[in-house]
Amino acid sequence: MKEIDARGLACPAPVLHTRATLQQERAEAVRVLVDNAASQENVRRYLESEGFETRLERAGEDYVVVGRCGKAAPPAAQPEPAPAKPAPAAEPSRKILVLCGADRLGRGDDELGRRLMANFVKTLKEMGPDLWRLVFVNNGVKLTIDASEVLEDLKGYEAAGLKILVCGTCLNHFGLLERKRVGETTNMLDIVTAMQLADKVISV
Amino acid sequence: MRFPTDENVIVGLERADDAGVYRVSEELALIQTVDFFTPVVDDPYAFGQIAAANALSDVYAMGGVPKTAMNLVAFPVREMDLAVLRAILQGGIDKLREAEVVLIGGHSVEDKELKYGLSVTGFVHPRRVLTKKNLRPGDRLVLTKPLGTGIVNTAIKAGLAAPGLVERVTRTMAELNRRAAEQLGRFRVHACTDVTGFGLLGHLAEMVAGSGASVRLAARAVPVFPEALDFARMGLIPAGAHRNREFREAMVEFGEGVPRDMQDVLFDPQTSGGLLISLPAEEVEPLCGRIRDQGGTAQEIGEVTADPGERIRVA
């Protein structure tokens, strides 16, 4: 078992210390020593996010987290150039933002456009983990309300970890604030920032 | 401890509200507040802005208009370049200018650790003072800035926050609560505070304690920095968040659907956080609409219920 002594370190150092050690040597089991309950909880959270099973102990004045690599665990942090963003379970290779400005796809026949948009939303999952943000503005916000025929699909995406942003000004404009059922109500600053962070923006 | 007082003290130390309020005449009361802290970001100019926005916020939270300010500076003159201090002060002054507040003095001392903040004085009508202590059953709660700045700041210290995120969080912390505050006078606001060191649930608990009412919070409706949830999941949680939880846990019930990382964000200590406003349900949309029209954030996050148990239920 790998021992890590992180006593005397203030947050977030114990987590970083543990992280660095795991990145250098892929330990299957670790015992992390800290000197306060907050650090103990933080280290436990970190180890669990890396797929470890954890146990908390006391050792005199000190606090201990024992972690063992779980069965279905992702590999304990491959070496990577620091600093990097925290890695969710499946790190997308690139970040695609899809901006839906209408509840229909294309121009011409509205009924056709409505069906196409529903199909489009249902098929988006084929992008896999690359699909990073789904943003609804203007008429597009109607896809996120109680009467939307793709509501269940969107809820499924959200449950799977996709961040869905819904324009608050637009919901308000249509009087639909209370009827939104999926996604996070947001403002233009968040939308613009998400666009800036995305590797690719697809606008429909 | 007993504090000296007189009949013109509208809000004093006993009330532990956001600021003190003292009646000058039938028409005018002074709001006074002071706040300073060690740097929360690396950029000295941004730190100055954030410190000023934070100090001004207490006046806004009391329903007032800030008028004058004084600087408080502790600076390691021997070890640090004076250009750093100049940048901090410039950030503060620029924020005051934006708020139309004048700087009329200040005081500085030599200190090993850099600190900056301001004492701010504002005006309010004595009968229009907003405090934490007036929740009414049926009210809705509105929050005007996203949560998670404490956790993100911890991730910044850890070198794990992307530059875009640093910039977004810095901008939010430096944002004045003025846009939201200026709208409050048009509505029947019953209670208001600003979300800072105790986190959303800590400040909400202060509002609920003694109110004879309870609160239902919709975790999914609470605006947050999405990255804060990721960082919380990996244990990048400031010690203050753990303390806030410990202190108020007994009042709070989390539904099964509220993930642990969201709970952490709800307890996360905020620097220069948003206003938390309690007002009648029918006024929520007009208020939020007006704030959003000004480019601000405003989100309904919960409601006040008649349950006299003074509980906070998060679902």
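User: At what angle do helix 1 and helix 2 of chain B pack, and how far apart are their axes?

Analyst: Helix 1 (residues 44-61) of chain B packs against helix 2 (residues 82-98) of chain B at about 40°, and the axes are 7 Å apart. That makes helix 1 of chain B oblique to helix 2 of chain B, because angles under 35 degrees count as roughly parallel, over 145 as roughly antiparallel, 65 to 115 as roughly perpendicular and the rest as oblique. Axes here are lines fitted to C-alpha atoms, for helices over the stretch in contact, with angles from 0 to 180 degrees between N-to-C directions. Helices (H or I, at least four residues) and strands (E, at least two) are DSSP runs, numbered from the N terminus.

User: What should I know about the model and the numbering?

Analyst: This is a predicted model, where local features need pLDDT of at least 70 and side-chain atom pairs count only at pLDDT 80 or more, while totals for chains, interfaces and linings use all residues; side-chain values use heavy atoms, leaving out hydrogens and water. Residues are numbered from 1 along each chain as its sequence is written, with chains lettered from A and ligands numbered from 1 in the order in which they are written.

User: Back to chain B, which residues of helix 1 meet helix 2?

Analyst: Among them are Phe47(B), Ala52(B) and Leu56(B) in helix 1 of chain B, and they meet a set including Val84(B), Ile88(B) and Leu96(B) in helix 2 of chain B. Contact means heavy atoms within 4.5 Å. The residues of this contact divide into 10 nonpolar, five polar and two charged.

User: Switching to chain A, how many helices and strands does it have?

Analyst: Chain A has six helices and nine strands. Of its 204 residues, 46% count as buried (under 20% relative accessible area, with exposed over 50% and partly exposed in between, using a 1.4 Å probe and protein chains only).

User: What's the strand order in the open sheet?

Analyst: The five strands of chain A run 8-7-6-5-9, with parallel pairing. Strand 8 (184-186) and strand 9 (200-203) of chain A are the edges, each pairing on one side only. Two strands pair if DSSP finds at least two bridges between them. The twist averages 25° from one strand to the next.

User: And strand 6 of chain A, how many of its residues are buried?

Analyst: Six of the six residues of strand 6 (residues 131-136) of chain A are buried, so that strand is largely enclosed by the rest of the structure.

User: How many bridges join strand 6 of chain A to strand 5, and how many to strand 7?

Analyst: Five bridges link it to strand 5 (residues 96-100) of chain A, where Ile96(A) stands opposite Leu131(A). Four bridges join strand 6 of chain A to strand 7 (residues 163-167) of chain A, where Arg133(A) stands opposite Lys163(A).

Definitions and conventions. Ala, Val, Leu, Ile, Met, Phe, Trp, Tyr, Cys and Pro count as nonpolar, Asp, Glu, Lys and Arg as charged, and the others, Gly among them, as polar.
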